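Good morning, and thank you for coming.

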Amino acid sequence: MSEDFMLDTDDLKRRMDGAISALKTEFASLRTGRGSASMLEPVMVEAYGQRTPINQVGTVNVPEPRMVTINVWDKSMVNAVEKAIRESGLGINPQLNGTIIMLPIPELNEERRRELSKVAGQYAEHARVSIRNLRRDGMDQIKKGKADGLSEDDQKIWEGEVQDLTNAYIKQIDEALENKQTEIMQV
């Protein structure tokens, strides 16, 4: 009966990849010293009676490292976009130029860099917890397999495989965190 047991490692990998991509999205929204279009992804605009992502009301560009521009398509939406940016908590003061909103990215001070570094650490810890939860799910499946007649040797092999997978993804998270913290602390 133990030959019937197959742990779906592809599913575990897919779910762990999801945790990594969620972490990368969270990291992208963290503002460093230079502008990026992804920093505006969490900002929602009140447009046409519903909340809409900024990239659906205008074109977001990064013409230079310390400047982000938004070319708003509908002139009547310019003030709503400006208001959404001001209220987003990004700490950026938008400047209007017709239908183009310019966002000069201010230099980060040392204290703000440390705060952002801690936030990045929290994001990474949430991702690690997600990976560990997925590891636990895999181990639970193996325990159920043992109850159904999986041999102890096979159980150890599967547990080792799940642990190796977990270690590889935790390492990816640690490397991503280290890179993000280096980027944040770079003056």
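In this predicted model, helix H3, residues 110-147, packs with helix H4, residues 152-185, at an angle of about 170 degrees. Their axes lie 10 Å apart. Since angles over 145 degrees count as roughly antiparallel, H3 and H4 are therefore roughly antiparallel to each other. The residues that form the contact of H3 with H4 comprise 15 nonpolar, six polar and ten charged.

H3 has another partner to consider, helix H1. The axes of H1 and H3 cross at roughly 170 degrees and come within 10 Å, so H1 and H3 are likewise roughly antiparallel to each other. On the H1 side, the contact is made by Leu-12, Arg-15, Met-16, Ala-19, Leu-23, Glu-26 and Phe-27. On the H3 side, the contributors include Ala-120, Tyr-123, Ala-127, Ile-131, Leu-134 and Arg-135. Sorted by class, the contact of H1 with H3 has eleven nonpolar, two polar and four charged residues.

In soluble globular proteins, nonpolar side chains tend to be buried together. Here the largest nonpolar core has 28 residues, and those that touch the most other members are Leu-7, Leu-23, Phe-27, Ile-131, Ile-142 and Ile-173. Which elements give two or more residues to this core? They are helix H1, residues 9-29, together with H3 and H4. H4 gives the most, with nine residues. Leu-23 and Phe-27 of H1 and Ile-131 of H3 also belong to the contact between those two helices.

Leaving aside residues up to four places away in sequence, Ile-142 touches Phe-5, Leu-7, Leu-150, Gln-155, Trp-158, Glu-159 and Val-162.

There is also a second, separate core of 21 residues. Among its members are Ile-54, Val-72, Ile-101 and Ile-105.

Is Val-45 buried or exposed? With a relative accessible area of 0%, Val-45 is buried. Again not counting residues up to four places away in sequence, Val-45 touches Gln-50, Arg-51, Thr-52, Ile-54, Val-57, Met-77, Ala-80, Val-81 and Ala-84. The C-alpha atoms of Val-45 and Glu-82 are separated by 8.9 Å, although these two residues are 37 residues apart along the chain.

Tyr-48 sits in the loop between strand S1, residues 44-47, and strand S2, residues 50-53. Its phi is near 55 degrees, a positive value in a residue other than glycine. Tyr-48 is exposed, with a relative accessible area of 62%.

Finally, the chain as a whole. The protein chain has four helices and six strands, arranged along the sequence in the pattern α-β-β-β-β-α-β-β-α-α. The radius of gyration is 22 Å, well over the 16 Å that the globule rule gives for 187 residues, so the chain is more spread out than a compact globule. Along the principal axes, the C-alpha atoms fill a box of roughly 70 × 40 × 25 Å. Buried residues account for 38% of the 187 residues. Of the contacts between residues at least 6 apart in sequence, 65% join residues at least 24 apart.

Definitions and conventions: Residues are numbered from 1 along each chain as its sequence is written. This is a predicted model: local features need pLDDT of at least 70, side-chain atom pairs count only at pLDDT 80 or more; totals for chains, interfaces and linings use all residues. Side-chain values use heavy atoms; hydrogens and water are left out. Axes are lines fitted to C-alpha atoms, for helices over the stretch in contact, and angles run from 0 to 180 degrees between N-to-C directions. Angles under 35 degrees count as roughly parallel, over 145 as roughly antiparallel, 65 to 115 as roughly perpendicular and the rest as oblique. Ala, Val, Leu, Ile, Met, Phe, Trp, Tyr, Cys and Pro count as nonpolar, Asp, Glu, Lys and Arg as charged, and the others, Gly among them, as polar. A nonpolar core is a set of buried Ala, Val, Leu, Ile, Met, Phe, Trp, Tyr and Cys residues joined through side-chain atoms within 4.5 Å. Buried means under 20% relative accessible area, exposed over 50%, partly exposed in between (1.4 Å probe, protein chains only). Contact means heavy atoms within 4.5 Å. The radius of gyration is taken over C-alpha atoms; the globule rule is 2.2 Å times the number of residues to the power 0.38.
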